[in-house]
Amino acid sequence: MQNDVIIKNDVIIRVNNFNAWYGEKQVLKNINIDFKRNKISAIIGPSGCGKSTLLRSINRINDEITSYKISGEIIFENENIYDKELDLTIYRKRVGMVFQKPVPFPMSVYENVAFGLRIHGMKNKIKIDNIVEKSLKQAALWDEVKDELHKSAYELSGGQQQRLVIARAIAVDPEVILLDEPTSALDPIATQRIERLLEELVENYTIIIVTHNLPQAIRISDYIYFMYQGELIESGLTSEIIKSPKNQLTEDYLNGRIG
Amino acid sequence: MRELKNTINTFIIKSVALSGIIALILIFGFVIRESIPALREVGMEIFTSFDWFPTYDPPAYGILTMLINSILLTIFSSLIVIPLGYIIAFFMYDYAGNFEKKMMKGAIDLLSGVPSVIIGMFLIIYISPWMLEIGAWSSENILLASIGLTILSLPYTASLMEEAMSSIDKNLKEGALALGTTRFTTGFKIVSRAALSGIFNAIILTVNRIIGETMVVLMAAGGQICFLFPFLIP
């Protein structure tokens, strides 16, 4: 009984018999995943396996696509996120998302981070200043921009922009951060900085990352979920999966024979 | 060989572009040169006088009335068209479903193809009698012209603004939504701001179109030259 409670507490997002379609094409087939709290979970798999779709479904950003349909449920803290009663703005504050292409808002660096705070009702200038500074520090960007907080965010480099977007996401103090291939457009040094950042952030947040980059998944993740053609093939602790994959497909992918 | 081709192509493109610019300068120069004698005859009176009696003796050539009327009409119509156009564009961009969007686009394209004579006729036949009823002094007035200009340029403005907003990277919208921003705030504060240059462009083109439109104004406001400040006077 007690064991049961601990396991439940451990899981922050539970994906239950989840199916998804774009028009007629089924892209996710009966997915069941328990994402663990305060861990880095990496979803890996070849292109078109549905990993981004799964991540986008968790933030419900796929609602924007009109042909998109789902069945099944995703439970976040005992609440089905596809429930009609759910307040999407509050939910998305708790489960933030960072996309592959860093797209800062068309405003200054400072305003980019402060924007999220303002829309969630914070008015106190000093408080906002503090959180902006804290978030930029957490995202390892503060030292590079502290003297020019009010210049346009578009003047930053690609790596800086991605860190700014991460700072923007953590400023509203989410519980889960979803990252959709956050480093695929970045150079190795920027990638390394972001990986280090994620390892620091995981103490306070739950991180779910979709990545194309297998070595990266192995480097930073605690759990790996391998997907192939819309199905979850194998999941488990990263160290175990790397050492002894149970499924032939997983082994092929890890060895570079598919993907 | 390839070098040569490139040089030739560059030359052709440059000369075509240049000929356009030269033509423009020549037209401008011609207009100014031809108007110099007239301007010399009239002097500064043209910009300082309200009297336009070219057939009298001595004639009076003050275009100030027309100038002010044009400006007033433009400002008044723009004030209606631009916010309305923006709201329509905003709705189409963010709230309209696929079907609604298709219908609206079709309607807008059709409307923007309507010749201005038709709109002028419509105003005279349907709106103008109604205006007399509510107390206008004449069947032709500046408010009528404003309505005509609104009908004429609204589709154009809305579709230009919608295009400006649609051309913004979808990632930007998703990024804002993923942060928990509401649909309205995303469209209004983020997408519109990113599309600002396109929206400005739409505004300038709209104002251009309103200034340049003669047919509707002539039919709806009449050809009289008098000072039309209260909107219901001809």
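The buried residues of helix 8 of chain A are covered by a set of elements that includes strand 3 (40–44), helix 7 (158–171), strand 8 (206–210) and helix 9 (214–220) of chain A. Contact here says that two residues have C-beta atoms, placed from the backbone, within 7 Å. Helices (H or I, at least four residues) and strands (E, at least two) are DSSP runs, numbered from the N terminus. This is a predicted model, in which local features need pLDDT of at least 70 and side-chain atom pairs count only at pLDDT 80 or more, while totals for chains, interfaces and linings use all residues. Residues are numbered from 1 along each chain as its sequence is written, and chains are lettered from A and ligands numbered from 1 in the order in which they are written.

Which residues of helix 8 of chain A are buried? They are A:Ile194, A:Leu197 and A:Leu198. These residues sit on the same side of helix 8 of chain A, because they cover an arc of only 100 degrees around the axis; the arc is that of the directions from the helix axis to the C-beta atoms. A residue is buried if 20 or more other C-beta atoms lie within 10 Å of its own, exposed if 12 or fewer, and partly exposed in between, with C-beta atoms placed from the backbone. On the face turned away from the buried side, helix 8 of chain A carries the exposed residues A:Pro188, A:Ile189, A:Arg196 and A:Glu200. As for length, the 14 residues of this helix (residues 188–201) should span 20 Å at 1.5 Å a residue, and its end C-alpha atoms are 20 Å apart, which agrees. The expected span is 1.5 Å times one less than the number of residues.

Staying with chain A for a moment, look for A:Glu85 in the loop between strand 5 (79–80) and helix 3 (88–94). A:Glu85 counts as exposed because it has 6 C-beta neighbours inside 10 Å.

Now let us turn to chain B. Its secondary structure comes to ten helices and two strands, and buried residues make up 29% of its 234 residues. An automatic or database domain assignment supplies the domain bounds: domain 1 (2–42) and domain 2 (60–221). The C-alpha centres of these two domains of chain B lie 33 Å apart.

Helix 3 (residues 64–95) of chain B has 32 residues, which should span 46 Å at 1.5 Å a residue; its end C-alpha atoms are 45 Å apart, which agrees. This helix bends by about 25 degrees at B:Ser78, the bend being the angle between axes fitted to the seven residues ending there and the seven starting there. Its buried residues include B:Ser78, B:Ile82 and B:Phe90.

Finally, the two chains meet: 17 residues of chain B are in contact with 22 residues of chain A. Helix 7 of chain B gives the most to the side of chain B that touches chain A, with seven residues.
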